[in-house]
Amino acid sequence: SSWFNAGIVSYSNDAKRQFLNVSEDSLERYGAVSQQVVEAMAKGAADLNFGQVSVAVSGVAGPGGGTSEKPVGTVWIGWSVNEIISSSKFHFEGNREQIRYQTLIAALEGLLVKLN
């Protein structure tokens, strides 16, 4: 396609390291659901020369997996637009499907803001 080159699903930490060049140190120190990791994911995707824009998401959609520090609904979204990396943390409510939907909307809305 002329506007979409590729996508990577890096659910595991191994995939984040292997495909997106996320450091082991960041994963161990901050965890997969963190600003540092999601920004590294966005940068890693951009560095693969997939284009001028990348979006990365890491979160806890539930129903399990949450902790007191990172409860279900905690989501970090990272963007790389023309080599400028940014991220935001969100706390979404609802079931797994609702959290995933809210994540998608937030990622796209954030991208639109950054493209303007």
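Helices and strands are DSSP runs, numbered from the N terminus. In this predicted model, the chain holds four helices and three strands. Their order along the sequence is α-α-α-β-β-β-α.

The overall dimensions fit a globular fold. A compact globule of 116 residues would have a radius of gyration near 13 Å; the chain has 14 Å, which agrees. Along the principal axes, the C-alpha atoms fill a box of roughly 40 × 30 × 20 Å. Buried residues make up 34% of the 116 in the chain. Among contacts with a separation of 6 or more, 46% join residues 24 or more positions apart.

The chain carries 9 positive and 11 negative side chains. The centres of these two sets lie 1 Å apart.

Helix α1 spans residues 13-20. Its buried residues are Ala 15, Lys 16 and Leu 20. They cover an arc of only 105° around the axis, and therefore sit on the same side of α1. An α-helix has 3.6 residues a turn, so residues three or four places apart point the same way. Asn 21 follows α1 and has a positive phi, near 60°.

How values were computed. Residues are numbered from 1 along each chain as its sequence is written. This is a predicted model: local features need pLDDT of at least 70, side-chain atom pairs count only at pLDDT 80 or more; totals for chains, interfaces and linings use all residues. Side-chain values use heavy atoms; hydrogens and water are left out. Helices (H or I, at least four residues) and strands (E, at least two) are DSSP runs, numbered from the N terminus. The radius of gyration is taken over C-alpha atoms; the globule rule is 2.2 Å times the number of residues to the power 0.38. Buried means under 20% relative accessible area, exposed over 50%, partly exposed in between (1.4 Å probe, protein chains only). Contact means heavy atoms within 4.5 Å. Lys and Arg count as positive and Asp and Glu as negative; His and the chain ends are not counted. The place of a charge is taken as NZ of Lys, CZ of Arg, CG of Asp or CD of Glu. The arc is that of the directions from the helix axis to the C-beta atoms.
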